[in-house]
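Please read it with the model open.

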Amino acid sequence: MNRIEQIKHWQGIIETLTASYNRLDDACNAAIKAGCMDSEGRLHEAIWGAFEDAVQIIDPDGWLDWWLWDNGRGKNAYVAGANGKKPRAIRTAAQMARVIVDWKNEP
(Lines give C-alpha, C1' and ligand atoms only; values in the text may rest on other atoms or scores of the structure.)
Protein backbone atom coordinates (compact mmCIF):
# COMPACT_ATOMS: atom_id res chain seq x y z
CA MET A 1 0.00 0.00 0.00
CA ASN A 2 1.20 3.48 -0.74
CA ARG A 3 0.99 6.28 1.86
CA ILE A 4 -2.44 7.54 0.75
CA GLU A 5 -3.89 4.00 0.82
CA GLN A 6 -2.39 3.43 4.28
CA ILE A 7 -3.91 6.67 5.58
CA LYS A 8 -7.35 5.73 4.18
CA HIS A 9 -7.01 2.24 5.71
CA TRP A 10 -6.19 3.62 9.17
CA GLN A 11 -8.81 6.34 8.87
CA GLY A 12 -11.45 3.67 8.27
CA ILE A 13 -10.28 1.74 11.33
CA ILE A 14 -10.32 4.89 13.46
CA GLU A 15 -13.79 5.92 12.28
CA THR A 16 -15.17 2.42 12.91
CA LEU A 17 -13.64 2.21 16.40
CA THR A 18 -14.84 5.72 17.25
CA ALA A 19 -18.41 4.86 16.21
CA SER A 20 -18.24 1.59 18.19
CA TYR A 21 -16.87 3.41 21.23
CA ASN A 22 -19.67 5.98 21.05
CA ARG A 23 -22.40 3.31 20.74
CA LEU A 24 -20.91 1.27 23.58
CA ASP A 25 -20.54 4.33 25.79
CA ASP A 26 -24.15 5.39 25.13
CA ALA A 27 -25.47 1.88 25.83
CA CYS A 28 -23.46 1.48 29.04
CA ASN A 29 -24.47 4.92 30.29
CA ALA A 30 -28.14 4.14 29.57
CA ALA A 31 -27.83 0.82 31.43
CA ILE A 32 -26.18 2.54 34.39
CA LYS A 33 -28.87 5.23 34.46
CA ALA A 34 -31.60 2.55 34.34
CA GLY A 35 -29.94 0.71 37.23
CA CYS A 36 -29.12 -2.34 35.11
CA MET A 37 -25.36 -1.95 35.31
CA ASP A 38 -22.87 -0.80 37.93
CA SER A 39 -20.08 1.39 36.54
CA GLU A 40 -17.64 -0.44 38.82
CA GLY A 41 -19.19 -3.87 38.26
CA ARG A 42 -18.00 -6.98 36.48
CA LEU A 43 -20.21 -6.52 33.40
CA HIS A 44 -18.99 -2.96 32.82
CA GLU A 45 -15.39 -4.05 33.29
CA ALA A 46 -15.85 -7.03 30.96
CA ILE A 47 -17.37 -4.91 28.19
CA TRP A 48 -14.77 -2.17 28.30
CA GLY A 49 -11.92 -4.61 28.96
CA ALA A 50 -12.81 -6.58 25.84
CA PHE A 51 -13.05 -3.38 23.79
CA GLU A 52 -9.68 -2.17 25.06
CA ASP A 53 -8.11 -5.58 24.36
CA ALA A 54 -9.36 -5.43 20.77
CA VAL A 55 -7.93 -1.92 20.37
CA GLN A 56 -4.55 -3.14 21.65
CA ILE A 57 -4.56 -6.06 19.21
CA ILE A 58 -5.28 -3.74 16.29
CA ASP A 59 -2.64 -1.19 17.35
CA PRO A 60 -0.08 -2.42 19.88
CA ASP A 61 1.79 0.90 19.51
CA GLY A 62 -0.96 2.63 21.51
CA TRP A 63 -2.03 5.35 19.08
CA LEU A 64 -5.65 4.17 18.94
CA ASP A 65 -5.75 3.99 22.72
CA TRP A 66 -4.44 7.57 22.84
CA TRP A 67 -7.04 8.68 20.26
CA LEU A 68 -10.00 7.08 22.04
CA TRP A 69 -9.29 7.85 25.67
CA ASP A 70 -6.58 10.48 26.09
CA ASN A 71 -7.49 12.67 23.14
CA GLY A 72 -11.22 12.11 23.57
CA ARG A 73 -11.72 11.07 19.92
CA GLY A 74 -10.34 14.43 18.82
CA LYS A 75 -12.33 16.57 21.24
CA ASN A 76 -9.24 17.43 23.31
CA ALA A 77 -7.20 18.34 20.21
CA TYR A 78 -3.95 17.20 21.83
CA VAL A 79 -0.79 17.60 19.81
CA ALA A 80 0.97 14.64 18.22
CA GLY A 81 3.51 13.94 15.54
CA ALA A 82 5.89 11.19 14.52
CA ASN A 83 9.25 10.75 12.83
CA GLY A 84 10.25 14.39 12.64
CA LYS A 85 6.95 15.66 11.28
CA LYS A 86 5.73 18.85 12.90
CA PRO A 87 3.42 18.00 15.84
CA ARG A 88 -0.14 19.20 15.22
CA ALA A 89 -3.43 19.24 17.08
CA ILE A 90 -5.25 15.99 16.29
CA ARG A 91 -8.98 16.62 15.85
CA THR A 92 -10.02 14.20 13.09
CA ALA A 93 -9.65 10.54 12.19
CA ALA A 94 -7.70 11.58 9.08
CA GLN A 95 -5.18 13.55 11.16
CA MET A 96 -4.77 10.61 13.54
CA ALA A 97 -4.33 8.24 10.59
CA ARG A 98 -1.50 10.39 9.22
CA VAL A 99 0.34 10.23 12.55
CA ILE A 100 -0.04 6.44 12.71
CA VAL A 101 1.22 6.02 9.15
CA ASP A 102 4.17 8.33 9.87
CA TRP A 103 4.93 6.31 13.02
CA LYS A 104 4.76 2.96 11.26
CA ASN A 105 6.88 4.16 8.34
CA GLU A 106 9.74 5.57 10.31
CA PRO A 107 12.86 6.28 8.25
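1. The largest nonpolar core has 26 residues, and within that core Ile 14, Leu 64 and Met 96 touch the most other members. This is a predicted model, and the remarks that follow should be read as such. Helices α1, α2, α3 and α4 each supply at least two residues of the core. Helix α1 gives the largest share, namely eight residues. In soluble globular proteins, nonpolar side chains tend to be buried together.

2. Met 96 deserves a separate look. Leaving aside residues up to four places away in sequence, Met 96 touches Ile 14, Trp 63, Trp 66, Trp 67 and Ile 90. Ile 14, one of these partners, is also named with Met 96 among the core residues that touch the most other members.

3. For the overall layout, the protein has four helices and two strands. Their order along the sequence is α-α-α-β-β-α. The C-alpha trace spans about 50 × 25 × 20 Å along its principal axes. Of the 107 residues in the protein, 37% are buried. Taking contacts between residues at least 6 apart in sequence, 47% join residues at least 24 apart.

4. How do helices α2 and α3 pack, and at what angle? Helix α2 covers residues 42-58 and helix α3 covers residues 63-70; their axes are 8 Å apart and meet at an angle of about 140°. The two helices are therefore oblique to each other, since an angle has to be over 145 degrees to count as roughly antiparallel. On the α2 side the contact is made by Trp 48, Phe 51, Glu 52, Val 55, Gln 56 and Ile 58, and on the α3 side by Leu 64, Asp 65, Leu 68 and Trp 69. By type, the residues of this contact are seven nonpolar, one polar and two charged. Leu 64 of this contact is also one of the core residues named in point 1.

5. The structure contains four salt bridges. Side chains of opposite charge can pair when their charged atoms come close. One of the bridges joins the side chains of Asp 102 and Arg 3, with an N to O distance of 2.7 Å. Asp 102 is in helix α4 (residues 93-104) and Arg 3 is in helix α1 (residues 3-33), so this pair ties together parts that are 99 residues apart in sequence. Asp 102 counts as buried because its relative accessibility is 11%, whereas Arg 3, at 35%, counts as partly exposed.

6. Asp 102 also forms a salt bridge with Lys 85, where the closest N and O atoms are 3.5 Å apart. Lys 85 sits in the loop between β1 (79-80) and β2 (88-89), 17 residues from Asp 102 in helix α4. With a relative accessibility of 43%, Lys 85 counts as partly exposed.

7. Lys 104 belongs to helix α4 and Asp 61 to the loop between α2 and α3, so the pair ties together parts that are 43 residues apart in sequence. Lys 104 is partly exposed, with a relative accessible area of 36%. Asp 61 counts as partly exposed as well, at 41% relative accessibility.

Methods: Residues numbered from 1 in each chain as written. Predicted model: local features only at pLDDT ≥ 70, side-chain atom pairs only at ≥ 80, totals over all residues. Heavy atoms only, no water. Axes fitted to C-alpha atoms, helices over the stretch in contact; angles between N-to-C directions. Parallel < 35°, antiparallel > 145°, perpendicular 65-115°, else oblique. Contact = heavy atoms within 4.5 Å. Nonpolar A, V, L, I, M, F, W, Y, C, P; charged D, E, K, R; others polar. Buried < 20%, exposed > 50% of the residue type's maximum accessible area, 1.4 Å probe, protein only. Core = buried A, V, L, I, M, F, W, Y, C linked by side-chain atoms within 4.5 Å.
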